[in-house]
Amino acid sequence: KGYGNGVVVAANGTQEWLLKWWWDHYSKKSDFPVTFFDLGMSKSARNFCESKGSVISFTFPKGMIKTKEAISQENIESWENTYPGDVWVGREQWFTKPFILLKSPYENTVWTRL
């Protein structure tokens, strides 16, 4: 850490289509350095990101999130009723943020998830 201010963007294969749009808008108003976290991008998306900033591959640590089968039925029902969409897909995405922020090369980081 200690490279000043910067922006972190995390994207996987289902979100990568937003990268060019995001970059077009971001680069018009800001010149802070950007580090992209590759959560499973295609080669072309990764190449695009490498042309705009630095890229760090990231894989979520295995076993850090309990599987649905390891969670009580009471919690399963509560979560599925409380959170819109597929909570089981969303959980891994929600929990990546603190792990990625720990790997940020910046002293002060702005987090952006596509």
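Which residues form a nonpolar patch on the surface, and how much accessible area do they have together? In this predicted model, in which local features need pLDDT of at least 70, side-chain atom pairs count only at pLDDT 80 or more and totals for chains, interfaces and linings use all residues, the patch consists of Y83, W94 and F95, with about 310 Å² of accessible area together. Residues are numbered from 1 along each chain as its sequence is written, and side-chain values use heavy atoms, with hydrogens and water left out. Patches are made of residues with over 30% relative accessible area and no salt bridge, like charges being joined within 9 Å and nonpolar side chains (Val, Leu, Ile, Met, Phe, Trp, Tyr) within 5 Å; accessible areas come from the Shrake-Rupley method with a 1.4 Å probe, and for residues only the protein chains shown count as cover. W94, one of the patch residues, is found in helix α4 and counts as partly exposed because its relative accessibility is 44%, where buried means under 20%, exposed over 50% and partly exposed in between (1.4 Å probe, protein chains only).

The protein chain has 4 helices and 4 strands, taken as DSSP runs numbered from the N terminus (helices H or I, at least four residues; strands E, at least two), and read along the sequence they follow the pattern β-α-β-α-β-α-α-β. The C-alpha trace spans about 50 × 30 × 25 Å along its principal axes, and 34% of the 114 residues count as buried. Among contacts (heavy atoms within 4.5 Å) between residues at least 6 apart in sequence, 65% join residues at least 24 apart.

Not counting residues up to four places away in sequence, V34 touches V7, V9, W22, W23, Y26, G53, S54 and Y106.

The structure holds 3 salt bridges, each defined as a side-chain nitrogen of Lys or Arg within 4 Å of a carboxyl oxygen of Asp or Glu. D38, R46 and E50 are linked in a network, in which the side chains of D38 and R46 meet at 2.9 Å, N to O, and those of R46 and E50 at 3.2 Å, N to O. R46 and E50 are separated by about one helical turn because they are 4 residues apart in helix α2. With 9% relative accessibility, D38 counts as buried, whereas E50, at 41%, counts as partly exposed. A salt bridge also joins the side chains of K68 and E80 (3.2 Å, N to O); this pair links distant parts of the chain, with K68 in the loop between β3 (54-57) and α3 (73-82) and E80 in helix α3, 12 residues apart.

R91 lies in helix α4 and, at 11% relative accessibility, counts as buried. The side chain of R91 reaches the backbone oxygen of K66 at 2.9 Å, and R91 touches I65, K66, I71 and W79, not counting residues up to four places away in sequence.

Note on methods: A polar contact is a pair of N or O atoms within 3.5 Å; within protein, one must be able to donate a hydrogen and the other to accept it, and residues adjacent in sequence count only if both atoms are side-chain atoms.
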